[in-house]
Amino acid sequence: MALPISLRSSVTPPELELIASEQLIEIIPLISMDKTAFISGAYGPLRPPAKCKLPIWMATNLKLKKKCHIVPPDWLSVDFLQDRLTRETSQLEFCAMPFRFAEIAKIVLDVASDDLENPDKIRSLLKDLREARQAKSREGITKLDHSELSLPNLCSMEINEIRPFFIRSMGVLTQLTRHPAPADGA
Amino acid sequence: MDEDYYSIDSILAENQKIQCTFKVEIPDMGHLDGGSERDIKPLSKMQIPLWMAYILIYSDYADFSIPAPFNARVRNALNAEARSVRLSGLVGQGGSWYGFGKMIVRLLDDAPADEISKVLTKTFRDRLLEVIDQAQHFAALGAGGGSASGDGAQMFREGLESMERELFVLAQESAKRTKRWYETTDKSVK
C-alpha cells in the first residue's frame with residue numbers, strides 16, 4: 001500500500017475531529033444571513049438574537065470571526081460532567097457519553113471558551129473523565145480473547161486510540177488458540 | 001506468523017532448529033550434521049531447521065522433541081511469572097517465540113498441542129498488559145524522555161518478543177497521536 005504507515009492502522013484524531021464537525025450545534029448569531037444551501041444541507045436563516053442550529057465547522061468559523069456565540073451542548077457543563085465523573089469512578093462500566101464528546105468538547109473549548117461557564121473546571125473534569133475511562137479500557141486488555149470484546153459506551157476517540165493494538169492482539173490470539181470454535185471453554 | 005505463504009514473519013519463524021531423531025537410515029546425507037559421517041544412521045540426533053523438519057516428520061523419517069524454548073523449565077517459569085521471562089532470549093535475535101510455538105503446535109497431536117497452545121495464549125495475555133502499559137508510558141514521556149522506571153521495566157522491554165515489539169510500537173504510536181491531538185489547539189480562522 002502507498003499509504004504512510006501512520007495512516008494504515010486507524011483513522012487519525014484530526015480526521016475524527018473533522019467528522020465530528022458535521023454535527024449540529026446551537027449558536028446565537030451576531031449577524032444576519034439568509035438561508036444558505038450547502039452540500040450537507042441548508043442552514044439558516046440567521047436572525048439575531050434568535051438561536052439557530054448549524055454544523056460545528058460553520059459555527060467555529062463564525063465564532064472565530066466573532067460573528068456568533070456558541071451555545072454549549074447540555075453535557076458540556078460542570079454539573080453534568082461532575083455527575084458523570086462520580087459515576088465513572090464508582091461503577092465498573094463506562095457511563096454513557098455522547099459518542100463524539102471528546103472531539104466536540106475540544107473544539108468548543110478551543111474556540112469558544114468564553115461562551116462556557118468555568119471552562120477551566122470543565123477542562124480538568126474532562127481530563128479526569130478521560131483518565132478514569134482510560135483506566136477502564138486498560139482493564140479491557142486483560143479480558144481480551146480471540147473472538148469477541150465488548151466495551152459498551154466507549155467513545156469514538158477512545159476506540160480509535162486502542163484500536164490498532166487491540167485488533168492486532170486479537171489477531172495474534174486467534175493464531176495462538178488452537179480451536180477457534182468454543183471447545184476449550186476458557 | 002500468519003499461515004500466509006508470503007508472510008515474512010512466518011518465514012522468519014521457520015528459521016528455528018528443532019532436535020530430530022531419525023528413524024531410518026538416509027544415505028549420503030551425513031553432511032547435514034556437519035559431521036564426517038557419510039550416511040545418517042537411524043537413532044542419530046540432529047538439529048534441523050523447522051522448514052525441513054516438517055517433511056521429515058510427516059513422512060515418518062524422524063521424530064522430534066519439544067524444543068528448548070518450550071520445555072518444562074521455561075513453562076514453569078512462565079507459570080510463575082510470565083513477565084519476568086525473556087522471550088527474546090529464548091529464540092535468538094529477531095526470533096518469534098509465538099510464531100515458533102504456533103508451528104510446533106501444528107506438528108503435535110491433540111493433547112500436547114492443546115497444552116502448548118494454552119501456554120502460548122496464557123503467556124501472551126499475561127504479558128500484554130505490561131507491554132501496553134510501558135508503551136503508553138513511553139508515549140506520555142514524549143520525544144527524548146528520560147529513562148523509564150526501574151530495572152524490571154528495562155529488563156522486560158529487552159525481553160520483548162518480535163510480536164510484542166510490534167504491539168508496543170502500535171500502542172505507542174497511537175497513544176502519541178492521540179496525546180498530540182489533545183494538546184494542540186488551533187484557533188486560527190481558516
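1. Across the interface of chain A and chain B, 10 residue pairs are found in polar contact, both residues of each pair being at pLDDT 80 or more; the model is a predicted one, and the points below should be read with that in mind. The largest share, 11 residues, comes from helix 7 of chain A, and by class the touching side of chain A has 13 nonpolar, 11 polar and 12 charged residues.

2. The contact draws 36 residues from chain A and 37 residues from chain B, and the two chains bury about 3400 Å² between them, with 61% of that area on carbon and sulfur atoms. Of the area that chain A buries against chain B, 20% is supplied by A:Gln175, A:Leu176 and A:Arg178, more than by any other three residues.

3. Two salt bridges are found across the interface of chain A and chain B. The side chains of A:Arg138 and B:Asp133 also meet in a salt bridge, at 2.6 Å from N to O.

4. Chain B has an open sheet of three strands in the order 2-1-3, with antiparallel pairing. Strand 2 (45–49) and strand 3 (62–64) of chain B stand at the edges with a single partner strand each, so one side of each has no neighbour in the sheet. Strand 1 (residues 17–22) of chain B pairs with strand 3 of chain B over three bridges, and B:Cys20 has B:Phe64 as its bridge partner in strand 3.

5. Helix 2 (residues 50–58) of chain B lies across strand 1, strand 2 and strand 3 of chain B, at about 120 degrees to strand 2.

Definitions and conventions
Residues are numbered from 1 along each chain as its sequence is written. Chains are lettered from A and ligands numbered from 1 in the order in which they are written. This is a predicted model: local features need pLDDT of at least 70, side-chain atom pairs count only at pLDDT 80 or more; totals for chains, interfaces and linings use all residues. Side-chain values use heavy atoms; hydrogens and water are left out. Contact means heavy atoms within 4.5 Å. Buried area is the accessible area (1.4 Å probe) that two parts lose on being put together, summed over both. A salt bridge is a side-chain nitrogen of Lys or Arg within 4 Å of a carboxyl oxygen of Asp or Glu. A polar contact is a pair of N or O atoms within 3.5 Å; within protein, one must be able to donate a hydrogen and the other to accept it, and residues adjacent in sequence count only if both atoms are side-chain atoms. Helices (H or I, at least four residues) and strands (E, at least two) are DSSP runs, numbered from the N terminus. Ala, Val, Leu, Ile, Met, Phe, Trp, Tyr, Cys and Pro count as nonpolar, Asp, Glu, Lys and Arg as charged, and the others, Gly among them, as polar. Two strands pair if DSSP finds at least two bridges between them. Axes are lines fitted to C-alpha atoms, for helices over the stretch in contact, and angles run from 0 to 180 degrees between N-to-C directions.
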